[in-house]
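Take a look at the sequence and the model below. Then follow this short tour through some of its details.

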Amino acid sequence: MKRTQSDRWAALAAVVRELYGEGVVPLHRPVFEGNERRYLVDCIDSNFVSSVGAQVAEFEQRVAAFTGSRHAIATVNGTAALHVALQLAGVGRGDEVLSQALTFVATCNALSYCGAHPVFVDVDRDTLGMSPGALRRFLALHAERRDGGCWNRASGRRIAACVPMHTFGIPVRIAEIAEVCAEWGIVLVEDAAESLGSYAGTRHTGTFGRLSTLSFNGNKVITTGGGGMILTDDDALAKRAKHLTTTAKVPHPYEFVHDEVGYNYRLPNLNAALGCAQMELLEPMLAIKAEVAQRYREFCARSGMRFAGPLPGDTANFWLNAVVLDSPEDREDLLEYTNALGIMTRPIWRLMPRLAMYQGCQHDGLENSYWLEARVVNLPSSVPEGAFARLRA
Ligand SMILES: *Cc1c(COP(=O)(O)O)cnc(C)c1O
């Protein structure tokens, strides 16, 4: 097959080899180079491995302290966290939720669990995330404020919430999105699943929404095997979040009383133990990931490729590094070239309205979303072997 840019792809593969060595290079692998084993064994020895135990509260406190959120409520995964956060934001059956077409499917699935309908507004080409301009235009064109809420004139449905997502850890223009939501009386819920360690200005992502959520799946910046977290500054919502995710059980020494339909979404203590150890590694992990990103950034600058980085003044965690290629042909070509070498590169997600269950959802044309879908490729982004040892030396 004729390569469009074979010299360029070979040079990029050489950078990947310098970072990660020979053999198959995964897109993102977890690292367990801290107290993971010790805390897991402690947890087993304590016999509290499941839904009760001290590690859950410890993990929640560590994440709250790190992000600057008043409360953090651990859940069994990030999708469950989003489901409950949306429910607590007041999203119910027949409502609409504004979100991105360019996201991982979990964002949309969670609002579907609430019986709500997604509506997609376009993203910005620089942040790869929700465009406040597109949001403002959509609302001016289609929405009206009445009865203390915001309504979609075409569908007659209430627009209950807005869920932007910090794509690959690059902060969206969240302060501006928060302003638009406030103007229109729409609750802001941030999907910060990919952005632990990313800051919009000096504020951690996930502290702008009334509620927001994190994920600790195996492929994320840090992992608990599977896990998630709800963040909020609101005392009452935090209490409700804990209640709803723990089967809505009313505290009692022995009676089983549940006062609403709750969920078994609590994070097991074993997973939380892993989380405590991973939180201790987060700072060095972010430093190493920033170095990897810098290598890719320099390569891109030398070879005239666009590296997807944060806006000036923002900080990305560089969970997954991404390049924006010149053409859809380049995307196919780079994916094929690198994967044939055992270097795992991946395209960005297929747009939500192109998936069977979200076809026919209202959207604004999604010009930038389609443009990016055809051009964005993720590069291997793990913490390289031996990087921790070098950092400690
Ligand atoms: C990973 C992820 C989630 C949910 O994560 P799980 O923990 O796997 O349920 C939600 N939204 C986005 C954008 C994600 O990347």
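## A serine in a loop

Ser-195 has a relative accessibility of 0%, so this residue counts as buried. This value, like the rest here, comes from a predicted model. What does its side chain contact? The side chain of Ser-195 makes a polar contact with the side chain of Thr-205, at 2.9 Å.

## The whole chain

Twelve helices and 15 strands make up its list of elements. The radius of gyration is 21 Å, close to the 21 Å that the globule rule gives for 393 residues, so the chain is as compact as a globular protein of that length. Along the principal axes, the C-alpha atoms fill a box of roughly 65 × 60 × 35 Å. Of the 393 residues, 56% are buried.

## Around the ligand

Next comes the ligand. Around the ligand there are 15 residues. Which of them come nearest? They are Gly-78, Thr-79, Glu-194, Ser-215 and Lys-220.

| Residue | Protein atom | Ligand atom | Distance |
|---|---|---|---|
| Gly-78 | backbone N or O | oxygen | 2.7 Å |
| Thr-79 | polar side-chain atom | oxygen | 2.5 Å |
| Asp-191 | polar side-chain atom | nitrogen | 2.8 Å |

How much of the ligand does the protein cover? On its own, the ligand has 380 Å² of accessible area, and the protein covers 92% of this area.

## Rings and charges

Aromatic rings can pair up, and the count here comes to four aromatic pairs. One of them joins Phe-307 and Phe-318. Their ring centres are 6.0 Å apart and their planes meet at 35°. Planes under 30 degrees apart would count as stacked and planes over 60 as edge-to-face.

Arg-125 lies over the face of Trp-371, 3.9 Å from the ring centre. The charged end of Arg-146 sits over the ring of Trp-151, at 4.5 Å from its centre.

## Two positive phi angles

Last, check the backbone. Most residues other than glycine have a negative phi. Asn-47 is not a glycine, yet it has a positive phi of about 75°. Leu-366 is not a glycine either, and its phi is positive at about 55°.

Where do they sit? Asn-47 is placed in the loop between helix H2 (36-46) and helix H3 (54-67). Leu-366 is placed in the loop between strand S14 (346-347) and helix H11 (367-373).

Is each one buried or exposed? Asn-47 has a relative accessible area of 65%, which is over 50%, so Asn-47 is exposed. Leu-366 has a relative accessible area of 0%, which is under 20%, so Leu-366 is buried.

Key: Residues are numbered from 1 along each chain as its sequence is written. This is a predicted model: local features need pLDDT of at least 70, side-chain atom pairs count only at pLDDT 80 or more; totals for chains, interfaces and linings use all residues. Side-chain values use heavy atoms; hydrogens and water are left out. Rings of Phe, Tyr and Trp (its six-membered ring) pair if their centres lie within 6.5 Å; planes under 30 degrees apart count as stacked, over 60 as edge-to-face and the rest as tilted. A charge sits over a ring if NZ of Lys or CZ of Arg is within 6 Å of the ring centre and within 35 degrees of the ring normal. A residue is near a molecule or strand if one of its heavy atoms lies within 4 Å of it. A polar contact is a pair of N or O atoms within 3.5 Å; within protein, one must be able to donate a hydrogen and the other to accept it, and residues adjacent in sequence count only if both atoms are side-chain atoms. Accessible areas come from the Shrake-Rupley method with a 1.4 Å probe; for residues, only the protein chains shown count as cover. Helices (H or I, at least four residues) and strands (E, at least two) are DSSP runs, numbered from the N terminus. The radius of gyration is taken over C-alpha atoms; the globule rule is 2.2 Å times the number of residues to the power 0.38. Buried means under 20% relative accessible area, exposed over 50%, partly exposed in between (1.4 Å probe, protein chains only).
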